[in-house]
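Welcome, and have the viewer ready.

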Amino acid sequence: MGSGEPNPAGKKKKYLKAALYVGDLDPDVTEDMLYKKFRPAGPLRFTRICRDPVTRSPLGYGYVNFRFPADAEWALNTMNFDLINGKPFRLMWSQPDDRLRKSGVGNIFIKNLDKSIDNRALFYLFSAFGNILSCKVVCDDNGSKGYAYVHFDSLAAANRAIWHMNGVRLNNRQVYVGRFKFPEERAAEVRTRDRATFTNVFVKNFGDDMDDEKLKEIFSEYGSTESVKVIRDASGKSKGFGFVRYETHEAAQKAVLDLHGKSIDGKVLYVGRAQKKIERLAELRRRFERLRLKEKSRAPGVPIYIKNLDETIDDEKLKEEFSSFGSISRAKVMVEVGQGKGFGVVCFSSFEEATKAVDEMNGRIMGSKPLHVTLGQARRRW
């Protein structure tokens, strides 16, 4: 089974493994409690609570694997949202292939929900439009946050739900029902729309002596402002950035075009359209993903760091000198404009090889200089 929340990629008859995903579990629920809960539905192969690989704390979901698909289907149809340890759980067909979920096909978003609508109510409200793979009302410690997601097994079912339910009043609240959009897609839409209408300008990289009045004086040249604010820390010291809100988009756009890159009191200003929160979060996700891929692509192993390298040492020479201590996945001399910077790194396949190299090479003369060799941390950025 996969470690993440699964979503099936086809109709029920395809789930020959007869495994169910069980979500929204109380942290105290055990495999034995799952077994006792689902055993009356039919013979079981196993039950499993998923746990954090490091802390071993439960992640709030698990799996129940039946011997026969018919028993699993009966449990799904009759036991969904039952209580275990006093808390209702969610059942879905289990499927390690999560391509359907990642594609977003059949997924819809609902907002402005009354707080009395829970997962069970949501499921029965939308099940009339097609086969539901998963549904969830998003909650915090205070209960429902007023929005939810429903994932159907087909685009047609999702479209039916949007057509019939968008704008309907549920418990005297008019709900919005629309196609689910990934954060990057929503951020792109906000960015495109806001570029043509923005009035709020973000300014950074000014000096500590900048205050609201001085910032207003600089930016008022381009049009009437509604508000000007230099952001300060708890002690009242400027953080070096602020916001200017204009009455018109034209004034804001003119200020960005004219002031971005301009030097004020020896500081080069950054002036740009103030981003919405969803745009900032999308950018953070993109940066995280780039770092994750970069980290994943790095050679595995245990690095050692070498300082005081002779200028004549290159990658090949460095690898040659250290190869007698074990298997090397990478050897790199750091350079700047074609010139060695005097330090490098060698990555060994094991901790034992790395420590042996440190013990024997630290202080040894290479070229014309004594080396300074220390042990690094596995997969450290370099």
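How many bridges join S14 to S15, and in which direction do the two strands run? Six bridges join them, and S14 and S15 run antiparallel. This is a predicted model, in which local features need pLDDT of at least 70 and side-chain atom pairs count only at pLDDT 80 or more, while totals for chains, interfaces and linings use all residues. Residues are numbered from 1 along each chain as its sequence is written, and side-chain values use heavy atoms, with hydrogens and water left out.

**The sheet and its helices**

- Four strands make up an open, antiparallel sheet in the order S14-S15-S13-S18 (strands are DSSP runs of E with at least two residues, helices runs of H or I with at least four, both numbered from the N terminus; two strands pair if DSSP finds at least two bridges between them).
- Strands S14 (225-232) and S18 (270-273) stand at the edges with a single partner strand each, so one side of each has no neighbour in the sheet.
- From one strand to the next, the twist averages 20° (axes are lines fitted to C-alpha atoms, for helices over the stretch in contact, with angles from 0 to 180 degrees between N-to-C directions).
- Thr225 stands opposite Tyr246 in S15.
- Helix H7 (residues 212-219) packs on the sheet and touches S13, S14, S15 and S18, its direction making about 135° with that of S14 (contact means heavy atoms within 4.5 Å).
- Helix H8 (residues 249-259) also packs on the sheet, touching S13, S15 and S18, at about 150° to the direction of S18.

**Aromatic pairs**

- The whole structure holds 17 aromatic pairs (rings of Phe, Tyr and Trp, the last by its six-membered ring, with centres within 6.5 Å; planes under 30 degrees apart are stacked, over 60 edge-to-face and the rest tilted).
- Tyr149 and Phe180 pair edge-to-face, at 5.8 Å centre to centre and 75° between the planes.
- Tyr149 lies in strand S9 (residues 143-152) and Phe180 in the loop between strand S12 (176-179) and helix H6 (183-195), so this pair ties together parts 31 residues apart in sequence.
- Phe180 is buried at 15% relative accessibility, whereas Tyr149, at 29%, is partly exposed (buried is under 20% relative accessible area, exposed over 50%, partly exposed in between, with a 1.4 Å probe and protein chains only).
- Phe202 and Phe243 form a tilted pair, 5.4 Å centre to centre with 45° between the planes.
- Phe109, Tyr147, Tyr149 and Phe180 form one aromatic cluster.
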